[in-house]
Amino acid sequence: MYFTCKELIGIGGLPKTERGCRKALDKLATQNPMMRRKREGTKSFEYKLDNLPDEVQAAILIKITKETTADVVIEKRKEISEHEQCLSEVFWKSWDKATNKQRETAETRLQSVVVLAGLVEEGMNFTRALELAHKKTGQAKGSIKNWYYKAKNFQRQDWLVALLPSYGERQGKRAEFSDEAWDFFKADYYRLEKPEFGSCYQRLQMAAEKNGWAIPSVSSVKRKMAREVDEKLTVLWREGEHALSRMYPAMIRSVEDLEALEWINGDGYQHNVFVKWPTGDGEFEVLRPKTWFWQDIRTRKILAYRTDMSENSDTIRLSLFDVVHRYGIPKNITIDNTRAAANKWMTGRVKNRYRFKVKDDDPLGIIPALGIKLHWTSVQFGKGHGQAKPIERAFSKGGIGQKVDLNPRLAGFYAGPNVYEKPDNYQGTKAGVDYEEFILALEEGVQAYNNLEKRKTEICQGIFSFEQVWQRDYAKAHVKRATREYLRYMMLMAEVVTLKKDGTFNLNCGGTVNGRKNRYEAPELIGLKHKKVQVKFDPQNLHGIVFVYTLEGQFLAEALCSEKVAFGDKAQAREHDKYKNRMVKATKIAAKAEQKMVAQELQHFMPELEIDDEIHQPNMMELCFADGNAMKKAQVSIETELDEEESEFEYFFQKGVEATKTK
């Protein structure tokens, strides 16, 4: 190898100026003419490496090693990918698995080995070269010597991998652990009941003592678990398939191609606040209300909501009515397949509903009637996949719970997220905030949620609020508006009933009183050939007018309630059923608590049964005999004992004959 004067400035004790360096090198060249030659195509001179002073040679080799280490790795990777050299590829896989600290150590070792090998190859004595490499690199001579002999058996491009340290691996003998003991521990610890490690290890000790197994210490068992049991298997065995599925990276979906109001999603949220909910006639019930929210998927704005005592079809239907009335008809909707959301009034005739009994004459639900495509959230490994609905994030940290439930208007009535996290000022279930205050807090919370700026979503980009991007994008959206007929259609609920020949029918929605239902009639319905008709009604006024349609949606007539026996308010009927079920359930619990002794325990308190083995005979016996055409009875006294050779039949037969003669 040859180097110019500029390349050797300041290396190995040479002067740090070009003039001084050239002067020193020319002085050496006068003593050894073979050391210097003219570089081809230039006027410059270059100097041979093996004729330079030892310290200069060592310094040059160290510099070259530092500059080419990264290139060695890159070139070797190219060589592997191009020629598919299996052995070398396996060898270099250890470099990919190594830590940064191990790689830095290998590069430091390589510098010392390259210096030593270079000096030896240039003809220097090994001892002198080792001393010079030690002086220039600062590494111990014994270490450099070991590294050199370790690397020299490999090709030069593989030295970097050969010098990787192996201190990350345990070289000593591991503690003995019987296979049966290890299987016993895995079967005990890795199960869905999730027992604690300490209890499992204690049982392992007891089993090992009985069966003569060899077991290591607690720390050794834990290291073996971390080394041999994959984390995914641990989650599967101890937490189940659903927990394992959550380890898979979530799919990131883009909403850039959606318009505002093109796709909405909805879900219910139960508030952690107790409210005095009016139930009619000046009475109220203290409960935790539940609110149904509709949210735009592109902008994440909450478009509408309705709150009630529980999640039911009315809140879902009326909140969707608010969305359509204010903004227009969306093209797509995503909801859970729950009983409240998948009711027939909302989703009737939608495929893959899997809720309630599906009939061919089910009324067309509001969602398909409006031309909205319905999407169900999936069920994965036995549990609903809530991540499919962005509205779920509105119920998490910093969402509706923070904005509504912790509103200052509701101070003192917040019950906490669970029974273990109740604030000290919580007043219990007997007290509740006024209904009006809760409604105001709910509206304030929704507005605060929509107006919070610097939202970190794809559309808000950490700058805008949900409300701001909604106002911007909704103005450019292609929205289908609902007609008045559509709006009235949504306000009413539907039920398919059997139409009688006299034009009357009964509705099931109001329940029954003494087996009787509300009856409706209309002169226009008399004599119609329709066996089944679809009835639209206001669930809060079942004693008023209802609208009768064919199953295809053609209007027939308005019918009046002629026999008002059942509930006039479907919501009240629903709450009545809820209270009735509560009463029955509470009574059953009270009865079970009151009856402290089961029937099987009664026998323990009864006296023992005495069994008499002696056979008792009657003193008198009544015999029947024939007297002509008549049957007569005779009383026979039994005073004598039976002869051993005389049968009981013969004895009583003789007694009957004697009684007959007496008669």
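Me: Are Tyr189 and Phe197 buried or exposed?

Reply: Both Tyr189 and Phe197 are buried; the term means under 20% relative accessible area, with exposed over 50% and partly exposed in between (1.4 Å probe, protein chains only). This is a predicted model, in which local features need pLDDT of at least 70, side-chain atom pairs count only at pLDDT 80 or more, and totals for chains, interfaces and linings use all residues. Residues are numbered from 1 along each chain as its sequence is written, and side-chain values use heavy atoms, with hydrogens and water left out.

Me: What makes the pair of Tyr189 and Phe197 edge-to-face?

Reply: The structure holds 23 aromatic pairs. For Tyr189 and Phe197, the ring centres are 6.2 Å apart and the planes stand at 75 degrees, so the pair is edge-to-face. By definition, rings of Phe, Tyr and Trp (its six-membered ring) pair if their centres lie within 6.5 Å; planes under 30 degrees apart count as stacked, over 60 as edge-to-face and the rest as tilted. Tyr189 and Phe197 also belong to one aromatic cluster, whose members include Trp182 and Trp237.

Me: Why is the charged end of Lys224 said to sit over the ring of Trp182?

Reply: The charged end of Lys224 lies 5.0 Å from the centre of that ring. The definition requires NZ of Lys or CZ of Arg to be within 6 Å of the ring centre and within 35 degrees of the ring normal. The charged end of Arg472 likewise sits over the ring of Phe464, 5.6 Å from its centre.

Me: Why does Ser112 count as buried?

Reply: Ser112 has 0% relative accessibility, and therefore counts as buried. Its place is in helix α4 (residues 100–121); helices (H or I, at least four residues) and strands (E, at least two) are DSSP runs, numbered from the N terminus. Leaving aside neighbours within four places in sequence, Ser112 is in contact (heavy atoms within 4.5 Å) with residues including Ala133 and Thr137.

Me: How do you know that the buried residues of α5 are on the same side?

Reply: The buried residues of α5 are Ala129, Leu130, Leu132 and Ala133. They cover an arc of only 165 degrees around the axis, which puts them on the same side of α5; the arc is that of the directions from the helix axis to the C-beta atoms.

Me: Which residue just after α5 takes a positive phi?

Reply: Gly138 does, with a phi of about 80 degrees.
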